[in-house]
Amino acid sequence: MMSRINGRIAKNADIRRIPLHSFRHSCASLLINTGQPVTTVSKYLGHASTKETLDTYAHMFPNNLTDAKNTIDNLNLGI
């Protein structure tokens, strides 16, 4: 049923039909790119574990060691 509705909307809008599963990936991308933690993304998508989320979307999570180093360097530890 959803596939039919999706097709009808695409046809009425005169655009290419986007597979329904692509909307799920777009949702995950949006959550990740707005800085949501992997635990939140995983729960929202209904994954059984964060491992499943990371296995699928790990390439999208920022992994910048410079930012991590700067965060630590900027802590005022009073030393």
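**Figure 1. Helix 3 and helix 4 of the predicted model are roughly perpendicular to each other.** The two axes lie 9 Å apart, and the helices pack at an angle of about 100 degrees. Because angles of 65 to 115 degrees count as roughly perpendicular, this pair receives that description. Helix 3 contributes Val38, Thr39, Val41, Ser42 and Leu45 to the contact, while helix 4 contributes Thr50, Thr53, Leu54 and Tyr57. Sorted by class, the contact of helix 3 with helix 4 has 5 nonpolar and 4 polar residues, with no charged residues.

**Figure 2. Helix 2 and helix 3 are roughly antiparallel to each other.** The axes of helix 2 (residues 20-33) and helix 3 (residues 38-45) come within 10 Å and cross at roughly 155 degrees. Angles over 145 degrees count as roughly antiparallel, and the pair is therefore described in this way. The crossing of helix 2 and helix 3 is right-handed. On helix 2 the contact is made by Arg24, Cys27, Ala28, Leu31 and Ile32, and on helix 3 by Val41, Tyr44 and Leu45. This contact of helix 2 with helix 3 has 7 nonpolar residues, 1 charged residue and no polar residues.

**Figure 3. A salt bridge joins Lys51 and Asp55.** The closest N and O atoms of Lys51 and Asp55 are 2.8 Å apart. Both residues belong to helix 4 (residues 50-57), where they are separated by 4 residues, about one turn of the helix. The count for the model comes to 1 salt bridge.

**Figure 4. Confidence of the prediction in the chain, from helix 3 to helix 5.** The average pLDDT of the chain is 87, and 91% of the residues score at least 70. Confidence is highest in helix 3, at a mean of 94. Confidence is lowest in helix 5 (residues 65-73), where the mean is 77.

How values were computed:
Residues numbered from 1 in each chain as written. Predicted model: local features only at pLDDT ≥ 70, side-chain atom pairs only at ≥ 80, totals over all residues. Heavy atoms only, no water. Axes fitted to C-alpha atoms, helices over the stretch in contact; angles between N-to-C directions. Helix = DSSP H or I, 4+ residues; strand = E, 2+ residues; numbered from the N terminus. Parallel < 35°, antiparallel > 145°, perpendicular 65-115°, else oblique. Left-handed = near helix turned anticlockwise from the far one by under 90°. Contact = heavy atoms within 4.5 Å. Nonpolar A, V, L, I, M, F, W, Y, C, P; charged D, E, K, R; others polar. pLDDT = per-residue confidence, 0-100. Salt bridge = Lys/Arg side-chain N within 4 Å of Asp/Glu carboxyl O.
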